[in-house]
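Subject: Structure for you to look at

Hello,

Please find the structure below. My notes on it come after.

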Amino acid sequence: IEYMGPLCIYLPFYLCPQLFYAEVATTKRHWSVDLLAACWSVHFAKRLLETIFIHKFSHATMPLKNVFVNSSYYWGFAALIAYFKNHPKFTPAIMGDCQVYTGLGLFLFGELGNFSVHWALSNLRPANTTIRKIPYPTVNPFTLMFNLVSCPNYFYEIVSWLGFTIMGQSIPTLMFTCFGGFVMTK
């Protein structure tokens, strides 16, 4: 529920802007808007697939109240970010393509790192057990962060959203990144 909402909310702004903005017909969309929509979609599709195929839950791990809180966070920011990222008057990165590509590099690095850590954590628990092991780095270089931080998946998640923020340079995206980072460090 949490991760499907951001896709279902963001993509209509991108795919059907005429539903949300009056001046759409006269404006040409900047290429970075396409890239931002792709990055947003890849991230949340990855989260959905990880939840279904990679994460192993021994029991319900989240109180029902948290589902509502998390969904409000993701869905609310999805609408806010989508509105500004897909607006006909969207202003591309101040430093041009270099800024967009730097942000994209950080985003991809963070996504690969996050996936690598989730995969490593998934392989710690044998199938059909509740055994918990201490995570250590594997042959995957992204897992070396286990030597430096206790939750490297959160580190990489923050890096991903920092990259997204650099690509799209908007206050709502910065707020989403800062608030998410704050929550992940608690």
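The notes cover salt bridges and then aromatic rings.

This is a predicted model, in which local features need pLDDT of at least 70 and side-chain atom pairs count only at pLDDT 80 or more, while totals for chains, interfaces and linings use all residues. Residues are numbered from 1 along each chain as its sequence is written, and side-chain values use heavy atoms, with hydrogens and water left out.

The whole structure has four salt bridges (a side-chain nitrogen of Lys or Arg within 4 Å of a carboxyl oxygen of Asp or Glu). One of them joins Glu157 to Arg47, with the closest N and O atoms 2.6 Å apart. Glu157 lies in helix 5 and Arg47 in helix 2, so the pair ties together parts that are 110 residues apart in sequence. Helices here are DSSP runs of H or I, at least four residues, numbered from the N terminus. Both Glu157 and Arg47 are buried (under 20% relative accessible area, with exposed over 50% and partly exposed in between, using a 1.4 Å probe and protein chains only).

Another salt bridge, between Asp34 and Arg29, has an N to O distance of 3.3 Å. Asp34 is partly exposed at 33%, and Arg29 is partly exposed at 37%.

There are 30 aromatic pairs (rings of Phe, Tyr and Trp, its six-membered ring, with centres within 6.5 Å; planes under 30 degrees apart are stacked, over 60 edge-to-face, the rest tilted). Trp40 and Phe44 form a tilted pair, 4.9 Å centre to centre with 50 degrees between the planes. Trp40 is buried at 0% relative accessibility, and Phe44 is also buried, at 0%.

Regards

Definitions and conventions:
Helices (H or I, at least four residues) and strands (E, at least two) are DSSP runs, numbered from the N terminus.
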